[in-house]
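Let's work through a few exercises together. Have a look at the sequence and the 3D structure first, then try each task before reading its solution.

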2 protein chains.
Amino acid sequence: MQILVVGSVALDTVRTPFGEAREVLGGSATYFASSASYFAPVSVVAVVGEDFPLEELEFLKRRDVDLAGIDRRPGRTFRWRGEYGFDLNEARTLETQLNVFAEFHPRLPESYREHDVVFLGNIDPDLQREVLTQVRAPQLVAADTMNFWIQGKPESLRQTLKHVQILIINDAEARMLAQEPNLVRAAKTILRWGPRSLVIKRGEHGALSFADGGWFAAPALPLEQVYDPTGAGDAFAGGFLGFLASTRNFDEANLRRAVIMGSVMASFAVEAFSLDRLRHLSYSEIEDRYRQFKHLAHFEDL
Amino acid sequence: MQILVVGSVALDTVRTPFGEAREVLGGSATYFASSASYFAPVSVVAVVGEDFPLEELEFLKRRDVDLAGIDRRPGRTFRWRGEYGFDLNEARTLETQLNVFAEFHPRLPESYREHDVVFLGNIDPDLQREVLTQVRAPQLVAADTMNFWIQGKPESLRQTLKHVQILIINDAEARMLAQEPNLVRAAKTILRWGPRSLVIKRGEHGALSFADGGWFAAPALPLEQVYDPTGAGDAFAGGFLGFLASTRNFDEANLRRAVIMGSVMASFAVEAFSLDRLRHLSYSEIEDRYRQFKHLAHFEDL
């Protein structure tokens, strides 16, 4: 199955206790595509400015990523600058320059319109629906969002959720969206609004998924070297949806495997600055890490 | 195997967003014994004041808990008053009255000295060692501690750790003890100081165990009703050690089951104020919840 992703392609400047990276590849669509492309072909819809070094995305083309939907516009590329303290769980945003992203309206190349799996990255929920109107009959629509849209465009976001089967957000976002501090009750509320499954990312604490079939808790791999958490959530979404697209199976057991595969890809993403660790993985490295998760979480019956 | 626990027996006043409980049963030894006694006989060493309603511990005697080691002294019982906000992860201590606990020196009744499993609750590390000198040949020694001792008596704590096989603390304590923000590196440091296994409690995020044999991540059960997190850590330790004592098996696979059993008992503890939910559980309720954890954490190989 072919995956369509809409999101940001950005230049990030990131400081962590372990170093600094300036004007490096970033953005939700970039991380998502880098991760998902290990599993299935990915087509990207995004916008960049004249200053964007498109040649740096060449490595993605070798993994069957279609960049025809990246619109290059007059002006500067979207930039994000942030830093992390020692706990690495939360970024402090120091600066956001929307630049060409401010006027972004996703236009899908004709060849994208038959795609089966759609990931609506964290952008204005109005734009998320603009994408959906251009896709003919997707079999699976997943989406991300953030506090900015939850607070700023709640009605539009609720409209988008009606068309989303799987919502992938973090725990603070889930609580804010449902206006409910208890995560189980928050999940139940959100599942009444459209999604049939909710995946909650919790950083170093793993991920939870909620669906009618029950709840699933995935651990995060305890890592000795975490350099840069930027993009981990999009790498997660890429592994999750890439795996689902490659296996063409959306049943509950396979959704659980997909959550683990998302966690696998997120665990790679944080091991280096930018998306460097996602450039050249082998599939056997990915399988090995899946087995590490299996060993990590395994326990016997009584 | 018989378990010996030393710790506090207290009267707690707790406020959470869901209500308030005044002067109710609390203390590390109380929660531990309430939990462990579902699995193995427990002997308690603690001190209370003249005002302590010892009859309220009668329910423990019916589950083979020996209270002969609870010393009743002139003066008032140890009291703790605290509150929790909506996130329930961290207590705000409003008042601590040590009272008779300030002069506590554990004296083991003769019948306690042959016990096989020892849990050193969160007390002065000097006192933890005083207990160990009074036990003849324990097969398993586990301990808890807290920031107050980590910062206030680091040398004494390091001495105690030499005699401890399993240290059971939370993630902030592990980081503080090892002076290392990365949890994996913190665990490796602590394992060089004596314990052969480190169990890290993470509240609603579950538990991690580190040992030479590898790492294990246990989820926490997502709960719709959490009333009072007080004592969850001691209920965890009680389920963990109670299960190990009842199965007489300390191998890695059984340690993993024990971590889950600890999580099971903690999940009950938080469902009511004080230790009310730990008063009258049936073993089939405990087994059912273990199976819920199994279902929660299960995923298939690729």
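**Exercise 1. Which residues is T230(A) in contact with, leaving aside its neighbours within four places in sequence?**

Start with the contacts: T230(A) touches D12(A), V14(A), Y31(A), W80(A) and Y84(A), where contact means heavy atoms within 4.5 Å. Next, pick out Y84(A): its side chain and that of T230(A) are joined by a polar contact of 3.0 Å. (A polar contact is a pair of N or O atoms within 3.5 Å; within protein, one must be able to donate a hydrogen and the other to accept it, and residues adjacent in sequence count only if both atoms are side-chain atoms.)

Before moving on, a word on the ground rules. This is a predicted model, where local features need pLDDT of at least 70 and side-chain atom pairs count only at pLDDT 80 or more, while totals for chains, interfaces and linings use all residues. Residues are numbered from 1 along each chain as its sequence is written, chains are lettered from A in the order in which they are written, and side-chain values use heavy atoms, with hydrogens and water left out.

**Exercise 2. Is T230(A) buried or exposed?**

Find the spot first: T230(A) sits in the loop between strand 13 (214-218) and helix 8 (232-247) of chain A. (Helices, H or I and at least four residues, and strands, E and at least two, are DSSP runs numbered from the N terminus.) Now check the area: the relative accessible area of T230(A) is 8%, so T230(A) is buried. (Buried means under 20%, exposed over 50%, partly exposed in between, with a 1.4 Å probe and protein chains only.)

**Exercise 3. How many salt bridges does the rule find across the interface of chain B and chain A?**

Count them up and you get four. (The rule asks for a side-chain nitrogen of Lys or Arg within 4 Å of a carboxyl oxygen of Asp or Glu.) For a worked case, take E224(B) and K188(A), whose side chains meet in a salt bridge at 2.7 Å, N to O.
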